[in-house]
Amino acid sequence: MLKRLAMVLVLLSAALCVSPRPAGAEAGPDSLWVKAVALYEANDDWVPGLIHMHMQEVDKHGQPKDDKGQEVWTRLRLGDDGEVEAEVVKILDDGEDVTEKEKAKEEKKETEQGDDEEDGEGDGFTMEGYAPFDPEHQEGLDVRATGEEEVVGGRRCAVFEFVDVREREDEDDDDETVTVTGRAWLEVGTGTPFKVEYTTDPLPKRVKKMNTTVFYEFDESGSWRAGSMNVRATGGFLFIKKHFNMDMTFDDYWRMPDGEETDTDGGRTPGER
């Protein structure tokens, strides 16, 4: 199960990790968006110390099925080599604690098969995700204020729509064009992002539909980071179709030391560069 759960994260990463597009249109001129980009840049060194993931199959109406799904708690810490390391600390399968059993099973596979990164089944918890406020994403980003306002977490927010057309490498290491389309909710006055929704085109293989929502947190000290992420996905093969909900929360944040990089298999939270 560890492999399967890790691949969910790798799958999300494959859909969302893209490289900068050549210079094109400038970033949206709206002052709130400019403030959001500045806030992102000031907080892009936060790393969650604890990630809790709950994945569950649901029916076509989004209602959970009878089982309790799968839950995984993962710790992220800075290794001696300066890279972020991920350690699975607890696993529940339909409410049953299977942590030691799954770890033993995983260790046995690694011993018998060795490093299997070549077949795309590595156990890296890649968490790097898409955030439209990343300064590196501003070139080529088409963003506009809709004129709508909604309350998110008790904050009055202006609603923005964005379209980002970028390039990434596919599974065969060939370049392909990826379009990220979504909406962002920025607090009126401060520009602080509190919610982002988006989807990508194309989607990962065998995924028919996938929508991601990220909720952000902001405190009086000026710290801003992702608090939770929800993914609603539909996938299948031929006539078999299944619907899944994945909910993730991010806690125990710590900051990367100056001069350290975070481009590792441990990765970042969604919304972190």
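1. Helices here are DSSP runs of H or I with at least four residues, and strands are DSSP runs of E with at least two, each numbered from the N terminus. On that basis the protein, which is a predicted model, has 3 helices and 13 strands.

2. Of its 273 residues, 47% count as buried, and the protein exposes about 14400 Å², of which carbon and sulfur atoms supply 46%. Among contacts with a separation of 6 or more, residues 24 or more positions apart account for 57%.

3. Helix 3 runs over residues 99-113, and its 15 residues reach 21 Å from the first C-alpha to the last, close to the 21 Å expected at 1.5 Å a residue. Within helix 3, the residues Thr99, Glu102 and Glu106 are buried; they cover an arc of only 75° around the axis, which puts them on the same side of the helix. An α-helix has 3.6 residues a turn, so residues three or four places apart point the same way. The face turned away from the buried side of helix 3 carries the exposed residues Glu100, Glu107, Lys108, Thr111 and Glu112.

4. Lys195, which lies in strand 9 (residues 193-201), deserves a separate remark. With a relative accessible area of 15%, Lys195 is buried, because the cut-off for that class is under 20%. Its side chain makes a polar contact with the side chain of Glu197, at 3.4 Å. Leaving aside neighbours within four places in sequence, Lys195 is in contact with Val152, with Arg183, Ala184 and Trp185, and with Thr213, Val214, Phe215 and Tyr216.

Terms used: Residues are numbered from 1 along each chain as its sequence is written. This is a predicted model: local features need pLDDT of at least 70, side-chain atom pairs count only at pLDDT 80 or more; totals for chains, interfaces and linings use all residues. Side-chain values use heavy atoms; hydrogens and water are left out. The expected span of a helix is 1.5 Å times one less than its number of residues. Buried means under 20% relative accessible area, exposed over 50%, partly exposed in between (1.4 Å probe, protein chains only). The arc is that of the directions from the helix axis to the C-beta atoms. Contact means heavy atoms within 4.5 Å. Accessible areas come from the Shrake-Rupley method with a 1.4 Å probe; for residues, only the protein chains shown count as cover. A polar contact is a pair of N or O atoms within 3.5 Å; within protein, one must be able to donate a hydrogen and the other to accept it, and residues adjacent in sequence count only if both atoms are side-chain atoms.
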